[in-house]
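Hi,

Here is the structure I promised to pass on. Have a look, and my notes follow below.

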Amino acid sequence: MVFRVHVHTPDEILMGHKLGFSGINGVDAVSATANVDGFTPLNAAARAYGWDRKLIAAASAQCNDRREVAVVQQVTPTLLLVPQMIKRTHYKRTAEGYAIDLLMAAKHLKMKRLHFTHFGFLQSRKATQGFTKILEVLLNPLVQTPLEELVWEIDFRGLRELKEAHYAVRTRFHLSDHDPQIVLAPQFEWGEQIPAQNGHYWRELVPSTNHRPPSVH
């Protein structure tokens, strides 16, 4: 399986918000945490793809209520929602448990290319602790899966930990000795000056005119 990593821009760290989303041409599905409160990766993906916000909110609520991966095929690309991790009262509600459910959904839908966005904006350093366990599920060569490519959306604050986890997993499973491809895609730029009162002005952060969504081949 090909493993690629997409790292968002530092502007979002400075502002404390996840604003943009790099849609990838050719992916079969996007997986995201079922969280529509605030500037989340799910909301950023919904804006980028023009998904129905009411549909996404309703699907997220059901996903969290049922505590299981939900498949939303009414949008393009298909959306795989993973419940928010609140309490670890059962193995299925751990990072690796949800990763197994996600892999089973991908297998059922015969997905070849998955955009994994659950760490597109880290709220806590503790979030990096599950990287190895998740990759042990998704990259396990003993598991039959149609997935050919995994694109992991990562906050650059967790990039080093993800690379270390990938090295540990590929060493353990005797995978090909290749580092993941790192894609640093700028997503925003400051727009033109907009006059304000008292001689002041402001600028809007807008999608970069030089940015083109990468393609999966």
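A quick definition before the notes: contact means heavy atoms within 4.5 Å. This is a predicted model, so local features need pLDDT of at least 70 and side-chain atom pairs count only at pLDDT 80 or more, while totals for chains, interfaces and linings use all residues. Residues are numbered from 1 along each chain as its sequence is written, and side-chain values use heavy atoms, with hydrogens and water left out.

Thr78 sits in strand 4 (residues 78-82); strands are DSSP runs of E, at least two residues, and helices are runs of H or I, at least four, numbered from the N terminus. Setting aside neighbours within four places in sequence, Thr78 touches Asp28, Ala29, Val30, Val71, Val72, Gln73, Leu109 and Met111. Thr78 counts as buried because its relative accessibility is 14% (buried is under 20% relative accessible area, exposed over 50%, partly exposed in between; 1.4 Å probe, protein chains only).

Now the aromatics. The whole structure has seven aromatic pairs (Phe, Tyr and Trp rings, six-membered for Trp, with centres within 6.5 Å; planes under 30 degrees apart are stacked, over 60 edge-to-face, the rest tilted). Phe119 and Phe131 are edge-to-face, because their planes are at 85 degrees, with centres 4.9 Å apart. That pair joins strand 5 (residues 113-119) to helix 5 (residues 131-138), twelve residues apart. Phe119 also stacks with Trp152, at 5.5 Å centre to centre and 20 degrees between planes, reaching strand 6 (residues 149-154), 33 residues apart.

Trp152 is buried, at 0% relative accessibility, and Phe119 is too, at 11%. Phe3, Phe116, Phe119, Phe131 and Trp152 make up one aromatic cluster.

Cheers
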